[in-house]
Amino acid sequence: MKKTYILLMVGLGFFSACQKEASVESPPTAHLEVRIHPEINGEPLQLNVPYTNGFGESFTVTTIKFYTGQFSLGDQLSGSSELSAGEPYFLSDLSTPSTLSFSTPIKPGTYNQLSFLIGVDSARNVSGVQSGALDPANGMFWTWNSGYIYLKMEGNSPVSNQPNGKFEYHIGGFQSPNSSIRLFIANLSAPDQWELAKGKTISFDIVYSLDNFFNSSFPLRISETPVCTTPGELSSAIANNIAAAFQVTNFEIK
Amino acid sequence: MRVRTIIVSLVWGILSGSFLLSCKKTDTVGKSPVPLSFPKPAGWPDTKYDFSQNPLTREGFELGRKLFFDGRLSKDGNFPCASCHQPFAAFSTYEHDLSHGFNNQFTTRNATALFNLAWQTEMHHDGGIANLDLQPLAPITAPNEMAETIPSVLEKLSADPDYVQQFKVVFGSPEITTARMTKALSQYMLMLVSASSKYDRVKAGKDVFTENEAAGYAIFLKKNCNSCHAEPLFTDLSYRDDGLPLNSSLNDVGRMRITGKKEDSLKFRVPSLRNILLTKPYMHDGRMVSLDAVYDHYSKKNPLSSVERGLLTEFFRSLTDSSLVENPALADPN
C-alpha cells in the first residue's frame, strides 16, 4: 500500500516537471526534498514551551522564521554543481509545520555534496520587489535599509532586560564586511556517492539546533544580548551560529 | 506671449490625450497596455532605473498615479503618498519641517521632493533604500507614517473591482501583488521629470535669463555651489556632512545608520536645487526655514553678501518647473 503511494507521488512529480519544461532543453526529472527539524537538547523544539539554553538561561520561543535557498547538489572533486530548478528560496515558519518540508526539481546525476544558502543572495536584496517566498509582504524585509531578514527568532526570557523580558533576533545584511549570508555545505565522505536517477527523490533531514544557535563560535547570552535587529558585526557573528545550527542528520533516495 | 501659447497648447495636448485614453479604457479588456516612452531630456546623463523590468505604459502610469493619491495605502485612509508629497510643493510637504503621519505623529525627516528619480539608484536622505520599487514599502509600513501592513493594503485594493480591472490591464492578470503595486507606483514616480524650468529653456536656447538671473547663475558657479549641486540634476547624489550639528532630539546620524561606518556619520544626500523655492524648509530635518538661513550657514565657509544672496535667489527662481507642479496629468486623478 505504502509502495503504491510513493510511486504515485513520483508520477505526479514527473508530470508537473514535464509541464514546466516546455522551453527548457534538458529538464530536471529528479527531486531534492528537504525536511527541517528544529530541535533543542535533542528534542523537537516547540513554540511557547519553556527551555533552558547552554548558559542556564530559561526562555520560550514565540517565533522562528528563516530563509534557505539556492539548493544545489555537486561533486566535491570537480567542483561542479547543479542548482535546483524550482523556487529559488523557501521561507520556513515554525508556526506552520508544513513550511519546514519542501521539494524542488533537480537534474539527475551522481553527487556527493549538498549546498544551500542560509539567507538571500545580495542581488535579490536590492533589485526591486521580489515575489513568492521573497515577497516583502511576508514581513521578512527591512524597508528603511533595504534588505531581507534571513532569520527571525523572538521570544521571552526572565534574564532579558527588555520590556516584558523580550528577546528579538532579526538577522540579515548583505554588505561586506558584515554580510550575514551563509553558504551551507555538507560533503558525503568518499567513496560514497548519491546516485540520483531519473524520477527519484533525494531527501535530506536537516536539524536546526537551537543549542548551537546560542552557543557556537559566538556565545549568545540572552542576558547580555537580548536584541539584534540591524545588519552589522553582531548580526554577522550570530549568522555564524545559525550556520552551525544546521546539520544534515540523514538522507535517503527513493 | 510665445511662451504662453506653448504652455496652453501643451495642456490642451495632455487633456486631449487623457480624453482619448479614457475613451479607450471602456474597451481595453484583454488588450495590451499602450507603451509610454520615458521623456529623457536632451543632453542628460543616462537613467539608472531598470526600465526593462518595468516597461512604462499609459495604463501602468495611470494606475500608479491613482495609487499615489489613494488614502487606502494608509491604515486610517488619511495618508496617501501625496499627503507628504504634494504636487504643488514639487512633491515635498509644503512649509513643513517634518510631515504628519498616522495618529498625530511626526515623521523624523523632511519629506524629500520627488522628481528625476530615474537617475537615482538609492532612495531617501541616507540612501538606505536600494531601488525605487522598494521605496514605497518604507512609508507604508512605518508606524509614524502610513502605519499599514503590505498584506492589508493588498487586501483593500483587491476588494475594489476597479483596481482588479486596472491591474489586469497593466499586468495581464488580475492579481494584485506587492511587486505589481510597487511597479505601478514607480511608473508614476518615474514620470515626475523636472526638466522644463526657465533654466532649462535658457540652456536649450529657447529663452534668456534676466540680468539678475544671469548674475545669480554666475555667482552659483563662482562660489562652486555646483561642486555638490551639479547640473543638470543640481545634485551629484553624493552623501556629505555639510557641518550641521546633530539634532539631539532626533539623533539622526544619517548615512552611518545604513553603512555602520564612522566616516559616514552625519552625512546626508545632497538634495537637488531644482524647485528649491517650493521646497522650504531646508535640510534633511527641515531645520532651516528660509533660504536666508541656508545662506547664513554656507557663509561661514564661503561668505555671501546680501547682493549675492538676492541674485542667487533670482537664479534659483528660474529652477521652478511649473510643468511639474501644475501639470494636470500628474495631479490627483480624483
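In this predicted model, S173(B) sits in the loop of chain B that runs between α6 (161-171) and α7 (178-190). S173(B) counts as buried because its relative accessibility is 19%, and buried here means under 20%. The side chain of S173(B) is joined to the side chain of E175(B) by a polar contact of 2.7 Å. When residues up to four places away in sequence are not counted, S173(B) touches F167(B), K168(B) and R180(B).

**Helix packing in chain B**

For helix α2 (residues 58-68) of chain B and α6(B), the angle is about 145° and the axes are 9 Å apart. The crossing of α2(B) and α6(B) is left-handed. By residue class, the contact of α2(B) with α6(B) divides into seven nonpolar, two polar and three charged residues.

**R109(B) and its surroundings**

R109(B) is placed in the loop between β2 (105-106) and α4 (137-141) of chain B. With a relative accessibility of 8%, R109(B) counts as buried, and its side chain makes a polar contact of 2.6 Å with the side chain of D252(B). Setting aside residues up to four places away in sequence, R109(B) touches D97(B), L98(B), S99(B), H124(B), H125(B), D126(B), D252(B), G254(B), R257(B), F268(B) and H284(B).

**Chain A as a whole**

The secondary structure of chain A comprises four helices and 17 strands. Chain A has 254 residues, of which 50% count as buried, and its accessible surface comes to about 11,800 Å², with 53% of that surface belonging to carbon and sulfur atoms. Among the contacts in chain A with a separation of 6 or more, 72% are between residues 24 or more positions apart.

F167(A) belongs to strand β12 (residues 166-172) of chain A, and F167(A) counts as buried because its relative accessibility is 1%. The C-alpha atoms of F167(A) and N156(A) are separated by 5.6 Å, although these residues are 11 residues apart along the chain. Apart from neighbours within four places in sequence, F167(A) is in contact with F59(A), T60(A), M153(A), E154(A), G155(A), N156(A), S157(A), S160(A), I222(A) and P226(A).

G232(A), by contrast of setting, is placed in the loop between β16 (227-228) and α4 (233-245) of chain A. G232(A) is also buried, given its relative accessible area of 16%. The C-alpha atoms of G232(A) and S179(A) are 7.6 Å apart, and the two residues are 53 residues apart along the chain.

**Backbone features in both chains**

| Chain | Feature | Residues | Value |
|---|---|---|---|
| A | cis peptide bond | S176(A) and P177(A) | omega about 5° |
| B | cis peptide bond | K280(B) to P281(B) | omega near -5° |
| A | positive phi, not glycine | N41(A) | phi near 50° |
| B | positive phi, not glycine | N251(B) | phi about 50° |

P177(A) is in the loop between β12 and β13 (182-187) of chain A, whereas P281(B) is in the loop between β4 (268-269) and α11 (291-299) of chain B. N41(A) lies in the loop of chain A between β1 (30-40) and β2 (43-44), and N251(B) has its place in the loop of chain B between β3 (239-240) and α10 (256-259).

Definitions and conventions:
Residues numbered from 1 in each chain as written. Chains lettered and ligands numbered in written order. Predicted model: local features only at pLDDT ≥ 70, side-chain atom pairs only at ≥ 80, totals over all residues. Heavy atoms only, no water. Helix = DSSP H or I, 4+ residues; strand = E, 2+ residues; numbered from the N terminus. Buried < 20%, exposed > 50% of the residue type's maximum accessible area, 1.4 Å probe, protein only. Polar contact = N/O pair within 3.5 Å; in protein donor to acceptor, adjacent residues only side chain to side chain. Contact = heavy atoms within 4.5 Å. Areas by Shrake-Rupley, 256 points an atom, 1.4 Å probe, with all protein chains shown as cover. Axes fitted to C-alpha atoms, helices over the stretch in contact; angles between N-to-C directions. Left-handed = near helix turned anticlockwise from the far one by under 90°. Nonpolar A, V, L, I, M, F, W, Y, C, P; charged D, E, K, R; others polar.
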